[in-house]
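Take a moment with the sequence and the model before reading on.

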Amino acid sequence: MASPAVSPDSSSHEALSSVNSAPACSPTSDSENLSPDELELLAKLEEQNRLLEADSKSMRSMNGSRRNSGSSLVSSSSASSNLSHLEEDTWILWGRIVNEWDEWRKKKEKLLKELIRKGIPHHFRAIVWQLLCSATDMPVKNQYSELLKMSSPCEKLIRRDIARTYPEHEFFKGQDSLGQEVLFNVMKAYSLVDREVGYCQGSAFIVGLLLMQMPEEEAFCVFVRLMQEYRLRELFKPSMAELGLCIYQFEYMLQEQLPELNIHFRSQSFLTSMYASSWFLTLFLTTFPLPVATRVFDIFMYEGLEIVFRVGMALLQFNQAELVQLDMEGMSQYFQKVIPHQFDSCPDKLILRAFQVKYNPKKMKRLEKEYAAIKNKEMEEQIEIKRLRTENRLLKQRIETLEKGNPRFSEEFVTHLETELEQSRLRESETLGALKEMQDKVLDMEKRSSLLPDEDNVVRLQEELQALALREAEAVKSLTELQQQVKDLSDSWQAGRAGGRWKESPRRSNANALQEAVVAARLREAQAQAELRALRQRVLQLETQGQIQRTVLGRAEQTCAGLREQLRLAAAQSKGLQAQLSESHRKHAEAQCKSKEEVMAVRLREADSMAALAEMRQRVAELEIQVGGTGGRGDTVGTPWG
């Protein structure tokens, strides 16, 4: 068997330097680039991984032993003597991968991905993780020793949480253990490099896993790269916006692929964040035992957060039948006690199930845009709510100030305003009622005036009255003439009788003639008088009708004049009301403008206050750093790796 390209005793620095000097290869495909020995090794890889994970001595070597040569925390001197034949074959394969890293990364990417999914041997994890995240030559590594000499505002928080990180692991047991000290150094150094993030508790588990594989300087560089390139920085920001996005995307996958389980979770008020938050924040390092969690972390280093979605959905699919039978408390216990140990003996089964989960990157991008839109809307609503609360608080303060200054005056003033408001409302209602009444009267008068005789009828009646008066005058004249004739005849007859000039017979005949003439005249007189009475009665009737018409017409004209006056007054009142309404609108607009100006002034004062508060907090933090630095700087330890 050929000797491995990287021996167990060689340092990671030597392996890194060999990458640049490795011979170049030009394969055309993954299968054509492998030699028969490599193909045989690949076929044995799955069996070898199972044996490695089951090897308790090998795991104790990974968790407990440390190197002092400055390249790896895992000592391989004792393990090399116990390597099996399969382990030696794996060493040969991964040694070639490390030596020919650029070639494998560019031209054998699919094969490299499959090998990483099957598990990176723990002896090679330090160097392979650094190569995967391109952390082998970072400028920040040269700043690490200087950062340790500085003070961080997060030191107290880091010290408090150190004991909670892998409390059962030998490397981190004890308050003054080497593991806790180097973990503190790395976390403090990063809090100084990225002051916006500072320190977040979940990140300590990731750093702790890195420290199990490599020295603190290299672990620091890898952690910086993970925060910058693997979305971890957004996860650990104070707002944790990326965690909300991951939960939103995971809920969509759950609803789409496991609708029955999703309905059960909702019915039990079992929120996704209650069980999945730690998955994303610690990458399953607080969920699974280290052998299983490290396998997931291997894939994360190559494929990113996608593996967290896949493993999470695989766990839910595998346990759906049991979870739908439990209530909220039972599901919480199930997630804490049962799920973490289901794949202790067969991590490959978990990985296989994870890559059977449907994962659509395009849908994830679309969900990311939807979530951003939702958060923007929520932010706008929160700003508006905050503004309204601020205005409400200011108004309450003004009211309290008025009440404290002069309670009686404020009560009287409020009562006066309420009375004026009621009176103005009453006046407005009365005016509107009067206006409507006037409009109804105008309509009624217009209807009544349409029933009155028009001017043509009045003229015709006047002409008829004049004609009757003429006929009456002619009748009176003829009657006068007849009366004169009768009088003349009577005088003649009397004179004849007195003179005795007529004889008996002629007299008698003349008398008869005269008598007949008188009778006839009297008849005509009676007829004329009857006609005169009729004409007078007709004239009286016409005069009565004319008087009535003139009276009605005068009344109609007076009514129309009154209606016109009322209409003019109603129009004037309407104009006045419109002017009042316009004035009210103007005052309302001025009040709104004034209110907006006051709101803007309040916002400006609030912004100034927040800026002053932030400045004071910064000053307090600097003072705390200065005070803490004078007492605790001498206790700071350097790198344990020399």
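Contact here means heavy atoms within 4.5 Å. Leaving aside neighbours within four places in sequence, L316 is in contact with F250, L254, L258, L261, F265, Y275, L323 and F335.

A word on the source. This is a predicted model, in which local features need pLDDT of at least 70 and side-chain atom pairs count only at pLDDT 80 or more, while totals for chains, interfaces and linings use all residues. Residues are numbered from 1 along each chain as its sequence is written, and side-chain values use heavy atoms, with hydrogens and water left out.

Now the whole chain. Its secondary structure comes to 27 helices and 0 strands. Both are DSSP runs, numbered from the N terminus: helices are H or I with at least four residues, strands are E with at least two. Of the 642 residues, 37% count as buried. Buried means under 20% relative accessible area, exposed means over 50%, and partly exposed lies in between (1.4 Å probe, protein chains only). Among contacts with a separation of 6 or more, 79% join residues 24 or more positions apart.

Next comes the interior. A nonpolar core is a set of buried Ala, Val, Leu, Ile, Met, Phe, Trp, Tyr and Cys residues joined through side-chain atoms within 4.5 Å. The largest one has 115 residues, and L226, F265, Y275, F297, F300 and L316 have the most contacts inside it. Helix 19 (residues 290–303) gives the largest share of this core, 9 residues.

Helix 18 (residues 273–282) is mostly covered, with 7 of its 10 residues buried. Those seven are Y275, A276, S277, W279, F280, L281 and T282. What covers them? The cover includes helix 13 (203–213), helix 15 (232–236), helix 16 (241–257), helix 17 (259–267), helix 20 (306–318) and helix 22 (328–337). Just after helix 18, L283 takes a positive phi of about 55°.

Aromatic rings are the next topic. Rings of Phe, Tyr and Trp (its six-membered ring) pair if their centres lie within 6.5 Å; planes under 30 degrees apart count as stacked, over 60 as edge-to-face and the rest as tilted. The whole structure holds 25 such pairs. Take F309 and Y359: their ring centres are 6.0 Å apart and their planes stand at 45°, so the pair is tilted. F309 lies in helix 20 and Y359 in the loop between helix 23 (347–354) and helix 24 (361–405), so the pair ties together parts that are 50 residues apart in sequence. Both F309 and Y359 are buried.

A charge sits over a ring if NZ of Lys or CZ of Arg is within 6 Å of the ring centre and within 35 degrees of the ring normal. The charged end of K108 sits over the ring of W104, 4.4 Å from its centre. R159 lies over the face of F184, at 3.6 Å from the ring centre.

Is I158 buried or exposed? At 0% relative accessibility, I158 counts as buried. Not counting residues up to four places away in sequence, I158 touches F184, M187, K188, S191 and Y199. The C-alpha atoms of I158 and Y199 are separated by 7.3 Å, though the two residues are 41 apart along the chain.
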